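Hi,

Here is the structure I said I would pass on. Have a look at it first, and my notes follow below.

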Amino acid sequence: MSAASAETPQSRGPLYKLWRFVREIVIIIAIALMLSFVIKTFFFRAYYIPSGSMEHTLEVDDRIFANLMVPGPFELERGDVVVFRDDQEWLPPLTEYPTAFQNVLSFVGVLPAADEQYLVKRIIGMPGDTVECCTAEGAITINGEPIEEPYIYDGDSPSDMEFKVTVPEGKLWVMGDHRAASADSRFHADRQGGFVDIESVQGRASVISWPTSRWGTIDSHEEVFANVPNAVAE
């Protein structure tokens, strides 16, 4: 009487091998989705640039990643390019609603929330700052200090309209780099003075991820604001 031989993976049929392969693929996909969800919830989220208001820092059809830890563990600063929810309704209402597939991509972080609208601008004024345009030379001043802005779109002036504002606590004054094509804080005085709530900020735009020819970080140009004095409490 011969002893029964032990069953080995090699002796199992093709259905077992197929099941094992499918199971491993499902596990990998589940882990990838979970990691993507964690990353988009706490660290980074992808956004799409549909307009030219931030040219040439950001071009139409660029894909960017925003650092969701700003504001938060890392604080905002003048010059930061930020993504914020359109809570003040600067944009026209949505006319198309997201598909189920878009909602799935939003959930895992490949796309931002498809049922909300977002804008991207550069912070010019922080809470307490007095921002004014313009000097005799055409420069914007912050707390009385003129700034030279190398990121402005070629041929644009810092602003074609005059203004003087003092940024309230918890708010920001934001402007696009393509000043002649950006309906930014200057154009929304009827919506809480054109100021953006800090709590509306989703994150700081950090990286251009697509197209590959434009891979790179997004510059906050700290040197522009290095000589700006602190706001004087009134």
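A quick definition before anything else: a residue is called buried under 20% relative accessible area, exposed over 50%, and partly exposed in between, using a 1.4 Å probe and protein chains only. By that rule Ser51 is partly exposed, because its relative accessible area is 34%.

Some housekeeping. This is a predicted model, so local features need pLDDT of at least 70 and side-chain atom pairs count only at pLDDT 80 or more, while totals for chains, interfaces and linings use all residues. Residues are numbered from 1 along each chain as its sequence is written, and side-chain values use heavy atoms, with hydrogens and water left out.

Now the overall picture. The protein chain has two helices and twelve strands (DSSP runs numbered from the N terminus: helices are H or I with at least four residues, strands are E with at least two). Starting at the N terminus, the order is α-β-β-β-α-β-β-β-β-β-β-β-β-β. Of the 234 residues, 38% are buried. If you take contacts (heavy atoms within 4.5 Å) between residues at least 6 apart in sequence, 71% of them join residues at least 24 apart.

Back to Ser51: you'll find this residue in the loop between strand 1 (44-48) and strand 2 (63-67). Its C-alpha atom is 9.1 Å from that of Ser182, although the two are 131 residues apart along the chain.

Next, the cysteines. Searching the whole structure turns up one disulfide, meaning a pair of cysteine sulfur atoms within 2.5 Å. The disulfide joins Cys133 to Cys134, with an S to S distance of 1.4 Å. Cys133 counts as buried because its relative accessibility is 4%, whereas Cys134, at 31%, is partly exposed.

Leaving aside neighbours within four places in sequence, Thr141 is in contact with Thr130, Val131, Glu132, Thr135 and Pro146.

One last item is the surface. The accessible surface of the protein chain comes to about 13700 Å², and 59% of that belongs to carbon and sulfur atoms (areas are from the Shrake-Rupley method with a 1.4 Å probe; for residues, only the protein chains shown count as cover).

Cheers
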